[in-house]
Amino acid sequence: MRLLFSLFLFSALVLFPAPGLWSGNHWVSLLPDGDGKQETQQLCGSCHNLQKTVLSRKTAQEWERTVYDMVARGAQIFPDEAEKIIKYLSQNFNSAKPAN
Amino acid sequence: MRELAMRFLNGGLSRRGFLKGLMATGFSLAAAQSVVESFRSYAEAQEIPPELLRPFQGEAGELIAECLRAAQVKYIFFCNGSPQGPILDAIADKPDMNLVIATEEGQAVSMAQGYELASGEVPFVVTQGVGVPRQVTNLLNAWKDRSGMVVMVPRTPLDTHGRDSFEDVDSWLDFVKPDPGQVEAAARMIVEAKSPVLIAGHEITRSGATKEMVAFAELLGIAVTRERGLFLDFPSMHPLFLGDFVANMRYPRNLDLIINIGGQFPRMTEAAEEDPLQFLPKGVKIIHARIETEDLARLFPTQFSIVGDVKHTLRDLTAAVKSMLTQERIEAIRRPRLEAAAKFTAMLRESWRKAAQARWNQSPMPWERVVFELDRVMDKDAVVVQEIADNKRTERWIGYGEEGGRTLIGRTTGQCLGWGVGAALGVKLAWPDRQVVSLQGDGGILFGQTEALWTYARYSTPILTVVMNNRSYDGVRRRQFAKQGKQAQLNKDMSAYLGNPDTDFAKIGAAYGIQGSFARDADELQAALKKALQATRDGKPYILDALIERTGPGANLTWHPPFTIAGIRTRRV
């Protein structure tokens, strides 16, 4: 019985891991291709994993606020890069796009 | 007897063995039997009857909440801290337990004790690890009064070990000169490095070595980062100053040498915690020079650990480098690095300016605007004593660290809130002829510090206290919400919102006879600053309550648990 339960638990964890168990690479793989993807991956992902990024749905104004908030907190993102990232996130992670 | 009892309770000694052991220590048979009998129930309690057990599946916070429910706990006496998020998440959608929030750990304990004295029930207290020293005084009261209580504090994370966390022990050595052989070898490594960076630590200020640090950095054009320390140990507006050390440094690229002078190694970022190798580039070499030896070579493979007073070390390193290179060679190394660093730091400053631009004129104000306005009116040699959230880097807007210029002190590396108001008074006492500005958060000043204003008033202490008031433990909420737990999903700010009651800090000052005002935008701020500076010139303290914005996830939330004590009454008494 215990063995069966262990096998079930193992299968469940492998097949349906909770979001918190995904590795950082998993969230990167959910970034769609496009202008600004590289900057998002490199500059945002060097400080935190991209889970909250790919799960969020925000307006352009909200993404602008988020990105500049990160800069204010110490992210080394230059103005032209910040604009690229804001545009990329606004296009790909807005309320019209369903969360994965 | 204690040892025998422990062995008995741990199952390492039979009842008979316990009895024999007690008699061997001089107990009579009757007395020993009585003792064994009294311990029996404890020993039996370790075997929990199966009918009291039930399976539970969930995360740690949910498990704690479930245990509290099983113990019929109704109230959690609570003091805020980021690691408590899982417990709050566990009760966010269940109304059967209420938080009783104190603004400071010691108060949480005294409230809990009052509850115990009246109800006879064992109260449950949740506070923050770094706050334990603050609550010790009221724990002593509870102990003396024989009030039992359960106090839970999250343990210190493993990644703080070796970074002077609470458990580490300091051992200072006075005026130790560094070993010349090590200095020589380290200097050789520095000369040969293609892409080095410096970390400036607090021992530089402690040993009065800022001038030596600047000279050393400028010698080969080596860019300077900082540990998150007590001081600003390198001039913040210097073109070589990069600010905080971060994982994956953008400049200098391809880092091959880190020279840490007098500091600890900074905490890792979230990404680096997942993969510690990200924190340092592969193959990077490390030189660590300190007088405090506890964390030398403890966290990362370190090529040279130089023990000594950093003023001596910097002088000796500078001399050694100069002896190895011609002036032409020094210039050839320094010039391109200085140019590249100056370009990079100028771009960083532009990005900070741009980030604040869109919010510049809004109300509530961005924190940057408040600091900018202060910078315009402060004396050239003013001292800023700060106890505000770590993300508010005032050194980006205020030039600190020049000789004869402004000085930054704080935030305390102990991180135990409730420090800045008193610390600012001590600074003013030591430097009465320098302007002292105390920067406080609203959460920080509510950490049992308002009483210190009595001392300000009694001794006519001309300090300008600026309360950066965002009506929130902003950093705590953003870190808790970043985990995307139930608080974030349900838009429920369980503990961080401070706007109800909306504390009027100028009025708190008025209760002590201290002048003050409230500023909700830049115009009001500028007017208030004029009054404040006049007051301090006249030898009086002043409190400026500046309304600043909340930032990050959940910033717009004002929801907080609606529980009231009046609401649980059955009689109007």
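**Exercise 1.** Which elements of chain B do the buried residues of H10(B) pack against?

*Solution.* A quick note before we start: this is a predicted model, where local features need pLDDT of at least 70, side-chain atom pairs count only at pLDDT 80 or more, and totals for chains, interfaces and linings use all residues. Residues are numbered from 1 along each chain as its sequence is written, while chains are lettered from A and ligands numbered from 1 in the order in which they are written.

Step 1: find the helix. H10(B) covers residues 210–220 (helices are DSSP runs of H or I with at least four residues, strands are E runs of at least two, numbered from the N terminus).

Step 2: pick out its buried residues. They are Thr210(B), Glu212(B), Met213(B), Val214(B), Phe216(B), Ala217(B) and Leu220(B) (buried: 20 or more other C-beta atoms within 10 Å of the residue's own, with C-beta atoms placed from the backbone).

Step 3: look for their partners. These are strands E5 (196–200), E6 (223–226) and E8 (257–261), plus helices H9 (203–206), H12 and H13 (327–357), of chain B (contact: C-beta atoms, placed from the backbone, within 7 Å).

**Exercise 2.** Work out how H8(B) sits against H12(B).

*Solution.* Step 1: take H8(B), residues 180–192, and H12(B), residues 310–324. They pack at about 60 degrees, with axes 9 Å apart (axes are lines fitted to C-alpha atoms over the stretch in contact, and angles run from 0 to 180 degrees between N-to-C directions).

Step 2: list the contact. Among its residues are Val183(B) and Ile190(B) of H8(B), and Leu317(B) and Met324(B) of H12(B).

**Exercise 3.** Find what follows H10(B).

*Solution.* Gly221(B) comes next, with a positive phi near 65 degrees.

**Exercise 4.** Count the residues in the contact between chains A and B.

*Solution.* Step 1: chain A gives 20 residues and chain B gives 26.

Step 2: on chain A's side, H5(A) has the largest share, six residues.

Note on methods. Two residues are in contact if their C-beta atoms, placed from the backbone, lie within 7 Å. A residue is buried if 20 or more other C-beta atoms lie within 10 Å of its own, exposed if 12 or fewer, and partly exposed in between; C-beta atoms are placed from the backbone.
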